Amino acid sequence: MSSFPEIVPMSANASPMPAYAEPAPAPSGKELVLKVIPMPADTNGNGDIFGGWVMAQVDLAGSVIPARIIRGRMATVAVKEFIFKQPVRVGDILSFYSSVQRIGRTSITVDVEVFAESFRTQGHFVKVTQALLTYVAIDDDGKPREIPR
Ligand SMILES: CC(C)(COP(=O)(O)OP(=O)(O)OC[C@H]1O[C@@H](n2cnc3c(N)ncnc32)[C@H](O)[C@@H]1OP(=O)(O)O)[C@@H](O)C(=O)NCCC(=O)NCCS
């Protein structure tokens, strides 16, 4: 008999996740650039996940494909159409999907879609957020530079 105590996963004591109203499929043709699970420290006064935390994750996720193309310093110059469609709850698994919308002379615009999945009933995706972000390739002086072709 093992001398170790039984290990009980934390999720076994968690309260049941509320069901989401509108299931949506994860997008095809987009790249999964980030997966993250928000924690209680990321909540707002309602107990849902703070929008600013989601925005920071979207900025990080959106930078992944541009970083691969720009290969060097870059900065976020614009975030457009930030839409919070559904609240995000502690313990949800968030998946961030991205695709390139436009490559300009010095900038790249990407679309980011965020899907939540219950930790317990995985595979049931709900779109919670979408945004359009533009990143600019910058030189050592912080000035725009041409994107390498
Ligand atoms: C990013 C930065 C270097 C751009 O400098 P700038 O002089 O404004 O650059 P430009 O006007 O020459 O534009 C550069 C590119 O950005 C694009 N751009 C500028 N403003 C934009 C906007 N509001 N929306 C979308 N694209 C924009 C331009 O279209 C151009 O792209 P292109 O060459 O592919 O056509 C400068 O604005 C900056 O340092 N901003 C602060 C960045 C930062 O700190 N980000 C973090 C914020 S928390």
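## A strand pair in the sheet

In this predicted model, strand β4, which covers residues 107–117, and strand β5 pair in the antiparallel sense over 11 bridges. One residue pair illustrates this part of the structure: the bridge partner of I108 is Y135, which lies in β5.

## The whole sheet

Strands of a sheet pair through backbone hydrogen bonds, and they may do so either parallel or antiparallel. Here the pairing is antiparallel, and 5 strands form an open sheet whose order is β1-β3-β4-β5-β2. The edge strands, each of which pairs on one side only, are β1 (31–36) and β2. From one strand to the next, the twist averages 25 degrees.

## The helix on the sheet

Helix α1, made up of residues 51–70, packs on the sheet, where it touches β1, β2, β3 (93–103), β4 and β5. The direction of helix α1 makes about 130 degrees with that of β4.

## Around the ligand

There are 13 residues around the ligand, and those that come nearest are A78, G104, R105, T106 and S107. Sorted by class, the shell around the ligand has 6 nonpolar, 6 polar and 1 charged residues.

Two strands, β2 (74–84) and β5 (125–137), each supply at least two residues of this shell. The largest share comes from β2, with 4 residues; β2 is also one of the edge strands of the sheet, while β5 is the strand that pairs with β4 over 11 bridges.

Note on methods:
Residues numbered from 1 in each chain as written. Predicted model: local features only at pLDDT ≥ 70, side-chain atom pairs only at ≥ 80, totals over all residues. Near = placed C-beta within 6 Å. Nonpolar A, V, L, I, M, F, W, Y, C, P; charged D, E, K, R; others polar. Pairing = 2+ DSSP bridges. Axes fitted to C-alpha atoms, helices over the stretch in contact; angles between N-to-C directions. Contact = placed C-beta atoms within 7 Å.
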